[in-house]
Amino acid sequence: MGSGGGKLEGSIAELRETFRSGRTRSFAWRQAQLQAVMKMVTEKEEQCFQALHEDLGKSNLDSYKDEIGPLKKSVDYALDHLKDWVSPKKAGIRLIFYPAKGEVVPEPYGLILIISAWNFPINLALEPLLGAIAAGNTVVIKPSEFAPACSSFLANMIPQYLDNEAIKVIEGAADISEQLVQQKWDKIFFTGSARVGRIIMSEAAKHLTPVTLELGGKCPVVFDFPSMSSNMKAAMKRFVSGKWGICAGQACLAVDYLIVEEQFASSLIDLLKRTIKCFYGENSEGMSRVVNKRHFDRLCNFLQDPRVADCVIHGGATNEENLFIEPTLLLNPPRDAEVMTEEIFGPILPIITVTNIQESIEIINSMSKPLAIYAFTTDEELKNRILTETSSGSVTFNDVIIGYLCDELPFGGVGQSGMGRYHGKYSFDTFSHEKAVLHRGFLLELSARYPPWNDFKMEFVRAAYSLDYFGILLLFLGLRSYAKQHSD
């Protein structure tokens with residue numbers, strides 16, 4: 001639904017009232033809403049395909065493998081584990097607190113704002129919603145205005161399937177997003193650019209609202225060519241499909257640049273060209289298009305830099321009418337060119353050559369921390385250096401993108417690439433507060449913990465903080481000198 005200021009505030013008030021009613025805390029409600037999401041994307045799959053094709057030119061297969069399939073998998077995973085997630089977890093309490101027992105109780109934050117992105121407009125709206133629902137929150141989803149068909153799909157379908165007093169979709173342009181982030185929320189979850197992430201974080205700080213920021217960055221591939229000799233065909237398939245097959249490179253996890261030793265660059269480039277042609281044909285048909293004219297112009301500006309234009313070794317053709325840019329390879333563009341300082345988010349791949357692949361560590365560390373680092377290598381020393389000498393949201397060896405689909409692993413950035421994490425149990429945790437609960441009894445009461453203070457009580461306090469149970473026993477048996485020596 002669209003929303004003016006008064007209507008927006010009314011919707012938020014209704015959601016708060018729903019949360020205060022306690023309805024969303026029940027296991028039955030959470031389970032029913034997760035099942036409703038599954039029912040929606042199953043029954044409305046064709047409409048979903050149509051919206052994704054209209055906004056991004058995605059084929060049905062791409063839409064299913066990148067958006068619907070991962071979402072269904074996540075719903076199944078959440079339903080399978082929900083009972084365990086919501087259950088209090090026993091905490092081991094040390095003897096010094098006897099009689100006592102402790103537990104950690106997950107409780108929902110309350111009212112959640114989810115601001116999603118245009119590149120995966122269905123998945124990036126509904127994936128975090130699963131965690132928010134599982135944790136028992138009420139939610140506002142703000143879809144991206146740059147994917148209007150998908151935004152409309154969500155706005156029309158969610159009220160038909162989910163609890164509209166607890167989960168709402170608010171559509172609109174940047175002015176609506178601005179109004180939304182100025183409201184008081186219990187948690188904000190944002191997927192998008194670092195520039196907008198800073199604005200959201202600044203607004204959230206006014207209310208001390210916790211935020212999760214899923215941003216991006218320049219994700220590198222370290223390609224250790226010699227170690228891939230026996231697996232080169234598989235490596236090429238994984239790399240090319242991960243770079244150009246996921247929304248034409250318009251993904252926060254997409255490969256941004258590749259590092260290879262200079263002596264192997266020519267061979268690698270030939271393999272890339274052949275694999276691109278094999279996958280996408282002479283005219284790169286079947287690839288997604290660029291989302292809109294603004295982003296198309298941004299990518300074209302990268303290539304129109306004369307210093308970068310001289311580095312084009314494959315592709316570079318553009319079609320403004322269809323918002324299409326063919327897979328483009330650049331060899332050693334200047335490090336200070338925008339294509340090397342800004343996140344590309346498109347079908348352009350700079351290839352950086354080094355004398356020794358170990359030099360890739362220095363290149364990666366010269367840039368901001370990426371959302372992911374990919375490395376095709378079997379060299380354990382290189383793997384260890386990447387793990388210990390670089391920082392990134394994640395590291396994947398010998399594949400790209402695929403780690404995003406692992407429910408058992410957290411997905412999120414660090415530094416410029418974001419903060420917070422989600423997927424699987426991590427989504428539940430992101431939208432939950434872990435409340436510490438201590439239950440104490442009255443069976444034993446020690447006067448030594450209360451004033452007035454004296455030397456005996458000082459010795460008791462020393463022994464207690466040292467967890468010196470034997471010393472405490474000696475103390476209460478009257479063997480004070482031994483107890484003091486023992487506890488010291």
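This is a predicted model: local features need pLDDT of at least 70, side-chain atom pairs count only at pLDDT 80 or more; totals for chains, interfaces and linings use all residues.
Helix 5 gives the most to the lining of the largest cavity, with 4 residues. Residues are numbered from 1 along each chain as its sequence is written, and side-chain values use heavy atoms, with hydrogens and water left out.

Some terms. Helices (H or I, at least four residues) and strands (E, at least two) are DSSP runs, numbered from the N terminus. The search for voids runs on a 1 Å grid over the protein atoms alone. A cavity is a set of points where a 1.4 Å probe fits but cannot get out. A pocket is an open set with protein on both sides within 12 Å along at least five of seven lines, and lining residues have an atom within 4 Å of a point. Grid points are joined across faces, edges and corners, and a volume is the space filled by probe spheres set on the points.

How many cavities of 30 Å³ or more are there? The count is 3. The largest cavity holds about 70 Å³. Its lining consists of Ser74, Ala78, Trp85, Glu127, Leu130, Gly131, Ala134, Asp407, His423, Gly424, Ser427 and Phe428. At least two lining residues come from each of helix 4 (60-86), helix 5 and helix 16 (425-430). By class that lining has 5 nonpolar, 5 polar and 2 charged residues; here Ala, Val, Leu, Ile, Met, Phe, Trp, Tyr, Cys and Pro count as nonpolar, Asp, Glu, Lys and Arg as charged, and the others, Gly among them, as polar.

The second largest cavity has about 50 Å³ of space. Among the residues lining it are Lys243, Asp256, Glu343 and Phe345. Its classes are 6 nonpolar, 3 polar and 3 charged.

Back to helix 5, residues 123-134, for Leu129. Leu129 counts as buried because its relative accessibility is 0%; buried means under 20% relative accessible area, exposed over 50%, and partly exposed in between, with a 1.4 Å probe and protein chains only. Leaving out residues up to four places away in sequence, Leu129 touches Ile114, Val139, Ile141, Leu162 and Ile167, where contact means heavy atoms within 4.5 Å. Val37 is 92 residues from Leu129 in sequence, yet the C-alpha to C-alpha distance is 9.4 Å.

Two or more lining residues come from each of helix 7 (174-181), strand 6 (187-191), helix 8, helix 11 (293-304) and helix 13 (338-341). Which element has the largest share of this lining? Helix 8 does, with 6 residues. The lining splits into 19 nonpolar, 15 polar and 14 charged residues.

The second largest pocket has a volume of about 670 Å³. Of its 19 lining residues, Ile96, Phe97, Leu446, Phe460 and Ala464 are the closest to the centre. Helix 17 (455-465) and helix 18 (469-476) are the elements that give two or more. This lining has 16 nonpolar residues, no polar ones and 3 charged.

Thr209 sits in the loop between helix 8 (194-205) and strand 7 (211-214). It is buried, at 9% relative accessibility. Beyond four places in sequence, Thr209 touches Trp185, Asp186, Lys187, Ile188 and Ala204.

Helix 11, already named in the largest pocket's lining, has 12 residues and reaches 16 Å from its first C-alpha to its last. That is close to the expected 16 Å, taken as 1.5 Å times one less than the number of residues. Its buried residues are His295, Phe296, Leu299, Cys300, Phe302 and Leu303. Seen down the axis, these fall within an arc of 145°, so they line one face of helix 11; the arc is that of the directions from the helix axis to the C-beta atoms. An α-helix has 3.6 residues a turn, so residues three or four places apart point the same way. The face of helix 11 turned away from the buried side carries exposed Arg294 and Gln304. Partners of the buried residues include helix 12 (306-309), strand 13 (328-331) and strand 14 (348-354).
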